[in-house]
Structure formats: structure tokens, C-alpha cells
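This report walks through a few local features of one structure. The sequence and the coordinates come next.

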Amino acid sequence: MTRTRRGYIARRRRTKTRLCVSTFRGSHSRLMRTAIQQRIRALASSHRDRGSRKINFRRLWITRINAVIRENGVSYSYSRSINNLYKRRLLLNRKILAQLAISNTNCLYTISNEIIK
């Protein structure tokens with residue numbers, strides 16, 4: 001029986017794997033078995049971390065807003081200000097409020113003072 005050369009399909013599969021893992025260090029980019037394992041692990045980590053990035057940014061925005069609101073001098077907290085925003089039906093999300101807190105604190109002060117009244 002003649003020998004079959006498993007060239008095209010297997011080589012194409014390995015080439016796709018090598019393109020994904022070419023920047024990994026050591027045997028993780030050279031040996032096929034570890035490269036496949038590391039590619040699976042990298043894809044799983046990137047999928048997980050896309051969700052945690054959203055959580056981390058929301059946490060950062062809340063911290064920035066809370067710091068500026070408490071700096072105002074009034075015994076006023078982040079949770080009460082967000083509650084009053086919803087009561088007044090002002091549709092400002094946390095990202096926009098955090099950008100206001102960084103760039104224009106006076107604007108955020110006026111918004112919080114209007115909410116209190």
C-alpha cells in the first residue's frame with residue numbers, strides 16, 4: 001500500500017493555529033500540542049475579560065462620581081444622587097457623569113444641587 005502524504009489539510013490547520021499563537025513565548029508558540037492548548041486558553045480568557053472590562057469601567061465611573069459628589073461638602077452620597085436622578089427623570093448614564101466629573105466639575109455641582117432641591 002502506498003504512503004499518503006497528509007499535507008494540505010493538516011498544514012492549513014496548523015498554519016491557522018500558528019498565526020494565532022505566534023507572539024506567545026517558548027514552546028507555547030513552537031510545539032503544536034501546547035500551542036493548541038494555549039490558543040484555547042487565550043480565547044477563553046479574552047471572552048471572560050471582555051465582560052470583566054465592562055464591570056471594571058462601571059466601578060471606575062462610580063468611584064469618580066462619588067469622589068466629586070462627596071467633595072462638594074454636602075453630606076451627600078453617590079447612591080442618593082443616582083436615586084434623585086431617576087426620580088427627576090434625568091437620563092444621564094454613569095459614563096457621562098464620570099466625564100463631567102473629570103472635565104467640568106462645576107457642571108456636575110450644578111446638576112447635583114438642582115437634584116437636591
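Phenylalanine 57 and tryptophan 61 share helix H2, which spans residues 32–71. They sit 4 residues apart, about one turn of the helix. The model is a predicted one. A search of the whole structure turns up 1 aromatic pair. The ring centres of phenylalanine 57 and tryptophan 61 are 6.0 Å apart, and their planes meet at 35 degrees, so the pair is tilted. Angles under 30 degrees would count as stacked, and angles over 60 as edge-to-face. Phenylalanine 57 is partly exposed, at 41% relative accessibility.

## The cavity

How many cavities of 30 Å³ or more are there? The count is 1. The largest cavity has a volume of about 60 Å³. The elements that each give two or more residues to its lining are H2, helix H3 (78–88) and helix H5 (105–116). H5 provides the largest share, with 4 residues.

The lining includes Ile65, Ile69, Ser81, Ile82 and Leu85. Leu97, Leu108, Ile111, Ser112 and Ile115 also belong to the lining. By class, the lining divides into 8 nonpolar residues, 2 polar ones and no charged ones.

Serine 112 deserves a separate look. This residue lies in helix H5. Is serine 112 buried or exposed? Serine 112 counts as buried, because its relative accessibility is 8% and the limit for buried is under 20%. Leucine 85 is another lining residue of the largest cavity. Serine 112 and leucine 85 are 27 residues apart along the chain, and their C-alpha atoms are separated by 8.6 Å.

## Charged side chains

Side chains of opposite charge can pair when their charged atoms come close. Arginine 48 is exposed, with a relative accessible area of 53%. Aspartate 49 is partly exposed, with a relative accessible area of 35%.

Arginine 80 lies in helix H3. Arginine 80 and arginine 58 are 22 residues apart in sequence. In space, their C-alpha atoms are 17 Å apart. Arginine 80 is partly exposed, at 47% relative accessible area.

## A positive phi

Most residues other than glycine have a negative phi. Arginine 89 has a positive phi of about 60 degrees, although it is not a glycine. Where does arginine 89 sit? Arginine 89 is in the loop between H3 and helix H4 (94–103). Arginine 89 is also exposed, with a relative accessible area of 73%.

## Cysteines

A disulfide is a covalent bond between the sulfur atoms of two cysteines. Here the count comes to 0 disulfides. Two sulfur atoms would have to lie within 2.5 Å to qualify. Cysteine 20 is partly exposed, with a relative accessible area of 47%. Cysteine 107 is partly exposed as well, with a relative accessible area of 26%.

## Accessibility at a glance

The table gathers the relative accessible areas of several residues discussed above.

| Residue | Relative accessible area | Class |
|---|---|---|
| Arginine 89 | 73% | exposed |
| Arginine 48 | 53% | exposed |
| Arginine 80 | 47% | partly exposed |
| Cysteine 20 | 47% | partly exposed |
| Phenylalanine 57 | 41% | partly exposed |
| Aspartate 49 | 35% | partly exposed |
| Cysteine 107 | 26% | partly exposed |
| Serine 112 | 8% | buried |

Note on methods. Residues are numbered from 1 along each chain as its sequence is written. This is a predicted model: local features need pLDDT of at least 70, side-chain atom pairs count only at pLDDT 80 or more; totals for chains, interfaces and linings use all residues. Side-chain values use heavy atoms; hydrogens and water are left out. Buried means under 20% relative accessible area, exposed over 50%, partly exposed in between (1.4 Å probe, protein chains only). Rings of Phe, Tyr and Trp (its six-membered ring) pair if their centres lie within 6.5 Å; planes under 30 degrees apart count as stacked, over 60 as edge-to-face and the rest as tilted. On a 1 Å grid over the protein atoms alone, a cavity is a set of points where a 1.4 Å probe fits but cannot get out, and a pocket is an open set with protein on both sides within 12 Å along at least five of seven lines; lining residues have an atom within 4 Å of a point. Grid points are joined across faces, edges and corners, and a volume is the space filled by probe spheres set on the points. Ala, Val, Leu, Ile, Met, Phe, Trp, Tyr, Cys and Pro count as nonpolar, Asp, Glu, Lys and Arg as charged, and the others, Gly among them, as polar.
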